[in-house]
Amino acid sequence: HKQTEERLQLAASVFTHAREGIAITDAEGTILDVNDTFVQITGYSRKEVLGQNPRLLQSGLQSVDFYRKMWRSLLEKGQWSGEIWNRTKRGTLYTEMLTISAVRDESGRVSRYVALFADITELKDKQRQLEKIAHYDVLTGLPNRVLLADRLRQAMMQARRRKQSLVVAYLDMDGFKEINDTHGHVVGDQVLSRLASRMKFVLREGDTLA
């Protein structure tokens, strides 16, 4: 009896103090309990979500097919894991890494679902920033050589499939050294940035300026 009590206290402590948000639902998806981190991430109080369905957090960014596949995985494998966009009580979007596991009773029937999630919005933002630095010129915001090479390769494949021609224009900017020498590099950077903006404005959306 004492060992059982200690296990229950340990489980309760982990549930309460976990850094991840935890939600426990019944087999129909009705929320039975949530921990403090769930409240901190979503902005909903425990009282507000008890008896509710987790769909109150839905962002609207995932398709019906996305949730259909999620439930198919839960029913067939008893688990689903992946990234998902949700919305806080205030309406703020956030990205979470979510794992849902089915809990079965002695007869093997699903009696509970346990959802464990972490807010990875900041991590995803940093990832996007790193990807932008890796593929775009910092000054002009245009694709750099790496992204140009990838776009060119894809365009060549597409042109070959459709039996079309592909146009590549290489532009040289005359007198740019004199701008830097006479007015300084700050003005030179402004000229490059303005030129890139104007050229981008007159091109079609499907064209690449790098």
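User: What radius of gyration does the protein chain have, and what would a compact globule of 210 residues have?

Analyst: One sets the computed value beside that of a globule with the given number of residues. This is a predicted model. A compact globule of 210 residues would come near 17 Å, whereas the protein chain has 27 Å. Along the principal axes, its C-alpha atoms occupy a box of roughly 85 × 45 × 30 Å. Of the 210 residues, 25% count as buried.

User: Which secondary structure elements does the protein chain contain, and in what order do they run?

Analyst: The elements are counted and then read from the N terminus. There are eight helices and five strands, in the order α-β-β-α-α-α-β-β-β-α-α-α-α.

User: How should I read a salt bridge, for example that of Lys 124?

Analyst: One examines the partner, the distance and the location of both residues. Lys 124 pairs with Glu 83, with the closest N and O atoms 3.0 Å apart. Because Lys 124 belongs to helix α5 (residues 121-135) and Glu 83 to strand β3 (residues 79-87), the pair ties together parts that are 41 residues apart in sequence. Lys 124 is buried at 15% relative accessibility, while Glu 83 is partly exposed at 38%.

User: Where do Arg 128 and Asp 125 lie?

Analyst: Both residues are in helix α5, three residues apart, about one turn of the helix. Arg 128 is partly exposed, with a relative accessible area of 39%, and Asp 125 is partly exposed at 33%. In helix α4, Asp 65 and Arg 68 are also three residues apart, and their side chains form a salt bridge at 3.4 Å, N to O. A network of salt bridges links Asp 65, Arg 68 and Lys 69.

User: Is Gln 62 buried or exposed?

Analyst: Gln 62 has a relative accessible area of 15%, so this residue counts as buried, the cut-off being under 20%. Gln 62 sits in the loop between α3 (46-49) and α4 (64-77). For a polar side chain, one next looks for partners. The side chain of Gln 62 makes a polar contact with that of Tyr 67 at 3.3 Å and reaches the backbone nitrogen of Trp 85 at 2.9 Å.

User: Which residues form a nonpolar patch on the surface?

Analyst: The patch consists of Leu 148, Leu 152, Met 156, Leu 166 and Val 168, with about 400 Å² of accessible area together. Leu 152 lies in helix α6 (residues 145-162) and is partly exposed, at 31% relative accessible area.

Conventions. Residues numbered from 1 in each chain as written. Predicted model: local features only at pLDDT ≥ 70, side-chain atom pairs only at ≥ 80, totals over all residues. Heavy atoms only, no water. Helix = DSSP H or I, 4+ residues; strand = E, 2+ residues; numbered from the N terminus. Buried < 20%, exposed > 50% of the residue type's maximum accessible area, 1.4 Å probe, protein only. Polar contact = N/O pair within 3.5 Å; in protein donor to acceptor, adjacent residues only side chain to side chain. Patch = residues over 30% accessible without salt bridge, like charges linked within 9 Å, V, L, I, M, F, W, Y side chains within 5 Å. Areas by Shrake-Rupley, 256 points an atom, 1.4 Å probe, with all protein chains shown as cover. Salt bridge = Lys/Arg side-chain N within 4 Å of Asp/Glu carboxyl O. Rg over C-alpha atoms; globule rule 2.2 N^0.38 Å.
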